[in-house]
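Good morning, everyone, and thank you for letting me take a few minutes of the meeting. Please have the sequence and the model open, and we will walk through them together, beginning with a single residue and widening the view from there.

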Amino acid sequence: MTEWFMCLFSRTLPWSSVLRVWDMFFCEGVKVLFRVGLVILKYGLRPQVLKRCPGMYETLQALRNIDHGVMAEGFLLFQVSDKFFMGSRYLLYIITFIIIINIVIIIINIIIIIIHVYI
């Protein structure tokens with residue numbers, strides 16, 4: 001489990017899921033990593049899996065062999081997004097708007113510099 005957080009899930013999840021988790025991490029912070037870890041624990045260690053794990057060693061082995069359906073991009077992000085991040089869509093819109101405004105300001109500054117150089 002330490003590897004999950006030290007490597008930001010890059011060695012555990014499929015690449016498409018890693019990119020989406022990182023995107024959410026950069027937008028919303030470290031809490032995303034903990035929530036992804038909780039979703040993996042909740043659905044990766046279901047009761048039928050835990051019944052086959054009498055000790056800590058077996059439980060850790062089960063965590064290393066989590067079902068790929070749990071780590072799939074669609075399932076994982078649905079669990080994290082819909083249950084925990086109700087406002088993330090609006091945050092994404094705000095960030096996109098701010099980026100577009102900054103690009104427009106940069107273009108205007110470049111035009112002003114070009115006008116001053118040639119006039």
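Predicted model: local features only at pLDDT ≥ 70, side-chain atom pairs only at ≥ 80, totals over all residues.

Residues are numbered from 1 along each chain as its sequence is written, and side-chain values use heavy atoms, with hydrogens and water left out.

Now, back to L8, which is found in the loop between α1 and α2, where helices (H or I, at least four residues) and strands (E, at least two) are DSSP runs numbered from the N terminus. L8 has a positive phi of about 55°, although it is not a glycine. F9 also lies in the loop between α1 and α2, and its phi is near 65°, again a positive value in a residue other than glycine. Is F9 buried or exposed? F9 is buried, with a relative accessible area of 0%.

Of its 119 residues, 26% count as buried. If we take contacts, meaning heavy atoms within 4.5 Å, between residues at least 6 apart in sequence, then 66% of them join residues at least 24 apart. A separate example of distance along the chain is V80 and L33, which are 47 residues apart in sequence and 10.0 Å apart in space, C-alpha to C-alpha. V80 has its place in helix α7 and is buried, with a relative accessible area of 0%.

That brings me to the interior. In soluble globular proteins, nonpolar side chains tend to be buried together. A nonpolar core here is a set of buried Ala, Val, Leu, Ile, Met, Phe, Trp, Tyr and Cys residues joined through side-chain atoms within 4.5 Å. The largest such core has 23 residues, of which F9, L13, V21, V36, I40, I66 and L76 touch the most other members. At least two residues of this core come from each of α2 (15-28), α3 (31-44), α5 (56-64), α6 (68-71) and α7 (73-84). Which helix gives the most to this core? The answer is α3, with six residues. As for I66, if we do not count residues up to four places away in sequence, it touches W4, I40, G44 and M71.

Next, the aromatic rings, of which the structure holds three pairs. Rings of Phe, Tyr and Trp (its six-membered ring) pair if their centres lie within 6.5 Å, and planes under 30 degrees apart count as stacked, over 60 as edge-to-face and the rest as tilted. The rings of W15 and W22 have their centres 5.7 Å apart and their planes at 80°, so this pair is edge-to-face. W15 is exposed at 52% relative accessibility, whereas W22 is partly exposed at 24%. For F25 and F26, the centres are 5.3 Å apart and the planes are at 45°, so the pair is tilted. F26 is exposed, with a relative accessible area of 65%.

Finally, please turn to the region around T12, which lies in the loop between α1 and α2 and is buried, with a relative accessible area of 18%. Leaving aside its neighbours within four places in sequence, T12 is in contact with E3, W4 and M71. E3, for its part, has its place in helix α1 and is partly exposed, with a relative accessible area of 35%. Not counting residues up to four places away in sequence, E3 touches L8, R11 and T12, and with that contact to L8 we return to the residue with which I began. Thank you, and I am happy to look at any of these places again with you.

Terms used:
Buried < 20%, exposed > 50% of the residue type's maximum accessible area, 1.4 Å probe, protein only.
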